Amino acid sequence: MRKQGSAPNYFVNQQSVTPYHPANHTGTTNYRLIGPETVGAVKVELVLGVIEKGKGALPHSHPGIEQVCYMLEGRALAEVGGQTRELGPGDCCFFPAGVGHRFTVTSDTPARVLVIYVPPYGENPGNSIKG
């Protein structure tokens, strides 16, 4: 975690950040790698999500925040804007601001997903609504 007034460290790994469990998700542990508190980023946020089989994001949306998910490991079913697709390593999807979406892991092993938020989400549950 970056201390206020200290020089930023521009290099981050999963072990150097505190994991958290995001709102509107089940079986999910997130690691905020890039954000204000890690490297001083103000316009983008990068999160590594580790999601258990059969778990993931319940239906919700992010008003004013765009989201990209890039699959590193595992498989998941993504639903957005009336479209559904199973994703595997190397696949990605886009969740437009304010559009309801859902994300469920289908593989036997946990999925590892890079998630990009623009602007940064900052895990404020007030920015997430169901439906």
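**Cysteines, core and backbone**

Modeller: Let's start with C69, which counts as buried because its relative accessibility is 4%. Buried means under 20% relative accessible area, exposed means over 50%, and partly exposed is in between (1.4 Å probe, protein chains only).

Biologist: What should I know about the source and the numbering?

Modeller: This is a predicted model, where local features need pLDDT of at least 70, side-chain atom pairs count only at pLDDT 80 or more, and totals for chains, interfaces and linings use all residues. Residues are numbered from 1 along each chain as its sequence is written, and side-chain values use heavy atoms, with hydrogens and water left out.

Biologist: Is C93 buried or exposed?

Modeller: C93 is buried, at 13% relative accessibility.

Biologist: Which residues have the most contacts inside the largest nonpolar core?

Modeller: C69, M71, F95, F103 and V113, in a core of 20 residues. Such a core is a set of buried Ala, Val, Leu, Ile, Met, Phe, Trp, Tyr and Cys residues joined through side-chain atoms within 4.5 Å.

Biologist: Which strands supply at least two residues of this core each?

Modeller: β2 (45–61), β3 (66–73), β4 (76–80), β6 (92–95), β7 (101–105) and β8 (111–118). β8 gives the most, with four residues. As a general point, nonpolar side chains in soluble globular proteins tend to be buried together.

Biologist: What does M71 touch, beyond its neighbours within four places in sequence?

Modeller: Its contacts include L87, P89, F103 and V113. Contact means heavy atoms within 4.5 Å.

Biologist: Zoom out. What is the secondary structure of the chain?

Modeller: Zero helices and nine strands. Both are DSSP runs numbered from the N terminus: helices are H or I, at least four residues, and strands are E, at least two.

Biologist: How much of the chain is buried?

Modeller: 37% of its 131 residues. Among contacts with a separation of 6 or more, 65% are between residues 24 or more positions apart.

Biologist: Now the backbone. Which peptide bond is cis?

Modeller: The one from V118 to P119, with omega near -10°. V118 is in strand β8, and P119 lies in the loop between β8 and β9 (129–130).

Biologist: Is V118 buried or partly exposed?

Modeller: Partly exposed, with a relative accessible area of 37%.

Biologist: Which residue has a positive phi although it is not a glycine?

Modeller: N24, with a phi of about 65°. N24 sits in the segment before β1 and is buried, at 16% relative accessibility. For context, most residues other than glycine have a negative phi, and most peptide bonds are trans.

Biologist: Last one. Where is N30 found?

Modeller: In strand β1 (residues 25–34). N30 is buried at 8% relative accessibility. Leaving aside neighbours within four places in sequence, N30 has contacts including Y20, P22 and L48.
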